[in-house]
Amino acid sequence: MKISYNWLKLYLDINLSPDKVADLLTGCGLEVESMEIFQSVKGGLKGVVVGEVLTCKQHPDSDHLSITTVNIGLGEPLTIVCGASNVAAGQKVPVATTGTTLYFNDKPLTLQRTKIRGEISEGMICAEDELGLGTSHAGIMILDPEAPVGTPAAQYFNIEEDFVYTIGLTPNRTDATSHLGVARDLAAVINNSGRENRRSTDRITISLPDVSAFTVNNDNRHIDVIVENTTGCPRYTALTLSGIKVKESPGWLKNKLMAIGLRPINNVVDVTNFVLMELGQPLHAFDCNRITGDKVIVKNYPTDTKFITLDNIERELTEEDLMICNAVEPMVIAGVFGGVKSGVTNETTSIFLESAYFNPRHIRKTARHHGLQTDASFRFERGADYDVTEYALKRAALLIQDLAGGEISSEIVDVYPVPFLTQHINFSFKNLDRLIGKSIDRGVVKDILHDLGISVTSETETGSDLTLIVPAFKSDVTREVDIIEEILRVYGYNNIDIPDEIRSSISFTKKPDPEQIQNHISEFLSARGFHEIMNNSLTKSEYYEDNSGFQPALSVRIFNPISRDLDVMRQTLLHGALESIVYNQNRKQTDLKLYEFGTTYTLSNSGIVQGYHEEQHLSLVLTGRKDPENWNDAEEPVDFFVLKGFIEAIFRTLDLDIRQFSTETVHSDIFSNGLRYIDGKKEFLVMGSLSNVLLKSFDCKPPVFYAEVNWDHLLTIVPATITQYREIPRFPEVRRDLALLLDQSVTFAQIEKLAFQTEKKLLKHVGLFDVFEGDQIGEKNKSYALSFILQDDEKTLTDKEIEKTMARLIKVFVTTFNARIR
């Protein structure tokens, strides 16, 4: 949000530098993110002065140039070559001296002493478009003959310079969405700073705009107001003005709006925007002649009703959109955006001026649904001030009368069927001291509350407790702790002493530490060429429809989705991973290794929040080449076993043996083939090659290999071990190979598991280095070539010990798997 320094000074009698004001605002919670200089004319006409043409003669080498001498009030007159046909001796003119920078179409041009057709030129006599004061280039500007020579042009033309703050406003600070709101905080902070040296008479107060001159001239243009939806519009205030003249706004108003980034339109619309930025109250002006039936009705329209907004876009309304209507059709989306038919034009002579309070929830849903973010919706959806509607209406009416003429042609209509209750909060100084950690002078506290507009209605005899009334513009202050926060931010966080002692609770981190493990695995994967991705937890419901491999009934749906593509919480990390793959493939990045830690959401009858269940998952996705392209390496694509190798490496890193878990093969709508791992009765890992049907629905190039781990469950089975180091074995290892003829149903994992169960001391590793299938060994058979690494940590193995161990292994393979040695 942008705030003007000069605008603040309209309400506060201060003489602080812009930098000091920025520091004070930041200190009280209105963080100034940047400060820029605004000039009503770019460059501020620095270097341009009022000059007097002393002589003017024809250039000897040109029929359209003149050589002039110009007095600018400094030493010798300047010689300037001028191309304007209307230049003449005796004129007062604007002169840009050498070194001055002028802007043509926002492009800077710095004037230098130069020769033009052989004659020296020491400056430039300017036209209005060259100075940025207009669009005419018919000739040089001729000033008032009484203009003092040497007067800076910025002073003569009353060029305004301002400092504009960009404030990072937090969503709860509705009270600071206006210049008066910011001025209120600034006054409170100034009054609190340097309090010891400040007299009570030196306190700064806000000068509110005076509306005492407001008078209803007649009731000749009365328009009925009917509020059908009082929940959506608790208060609606309005009046009419007739006999106005719509025209360009005066310079002071245009400069105020341009300084904060608003484009001037006309005097009526500019006044509504000015009051919006001054008081924080959105207003809207209707052309009375376009209000059919002389009735304004606040109501909802049926879903799919067509409505064209000011940007000439046809929108389809929903039944929850609150509309401002005439007797026949809607005119405005209430509190959000105007309609194309009811606005003020140059032909408008009478207006209906609206100042209302709309329900924040209604405005927020409408603005999100239509994708509209306006200055009005920004304030209404955060909770505007329902007590300021009539004051803002009077302020705007007086300004319009001043700038556009006319008369107030109706009484103020104020539809306010159920007035809001005044908010009372009980406040205890004891709680203030306890939460802040310091006892603040009670008088200081009361002064801060007064400066913030919070009034004290009663006080206990001991003075320890107060009853406070919170003004309507502080919609975020609802509890005692909110009052304490308001006091503290004005008193100053830096004014709270750091205590001499530090109190701390003993912290205990469950072992193994989940955060440490996640960071470790992230570093492990990143070191192996993976890139971490982070996808939105909100996703498309269509991903979980029938035949998707998921249960639509388990989807957690969003009540007010901002988009149809973001209407459910994700059940899996799969779809986000595929979207990331497609995004990269479309940009010629085809060799991808990605991983993501993320939360999944499903409906459930158990869990911390009844009805919802959350789980942390880890996903890995691979596609393209196994290794980066290299002239010295053959191109090898990733496959299922590459993915499986990474998963097994993760388990080994966590000191887990993946072989201890039972497995099942997977063939589904998601995986063309794969494996699922089960711990007890719970599936916690699935991996495989994604089906071509799924990939085609994403327009994703196959093959893609994907794994998803239930990270929460994995953490429950990670052993709480401490890493220990041991010396390298002193005795050699021995390798023996076996070729086993097996049934097709026997897996390597079964063989490996049985081998380690049979020989627990000497067997260190089992490897599979060849698989053979063919008619030579039978259709239902296969041949595994296996390697066995044996080692004794205490001595060198003898041939007898080795052969004895291998014999036991062969025997158990034959007995268990009906294997045959080839």
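In strand 36, Gly 688 is the bridge partner of Gly 674, and this strand, covering residues 682-690, pairs with strand 35 in the antiparallel sense over eight bridges, where pairing requires that DSSP finds at least two bridges between two strands. The model is a predicted one, in which local features need pLDDT of at least 70 and side-chain atom pairs count only at pLDDT 80 or more, while totals for chains, interfaces and linings use all residues. Residues are numbered from 1 along each chain as its sequence is written, and side-chain values use heavy atoms, with hydrogens and water left out.

Strands 35 and 36 form a hairpin with two residues between them, and Gly 680 in the turn has a positive phi of about 70 degrees. Strand 35 (residues 671-679) also pairs in the antiparallel sense with strand 34 (residues 662-666), here over five bridges, and Arg 676 in strand 35 is the bridge partner of Glu 664. Four residues lie between strand 34 and strand 35, which form a hairpin as well.

The chain as a whole has 20 helices and 41 strands, these being DSSP runs numbered from the N terminus (helices: H or I, at least four residues; strands: E, at least two). Buried residues, defined by a relative accessible area under 20% with a 1.4 Å probe and protein chains only, make up 48% of the 822 residues. Of the contacts (heavy atoms within 4.5 Å) between residues at least 6 apart in sequence, 69% join residues at least 24 apart. Along its principal axes, the C-alpha trace spans about 120 × 90 × 70 Å.

Terms used:
Buried < 20%, exposed > 50% of the residue type's maximum accessible area, 1.4 Å probe, protein only.
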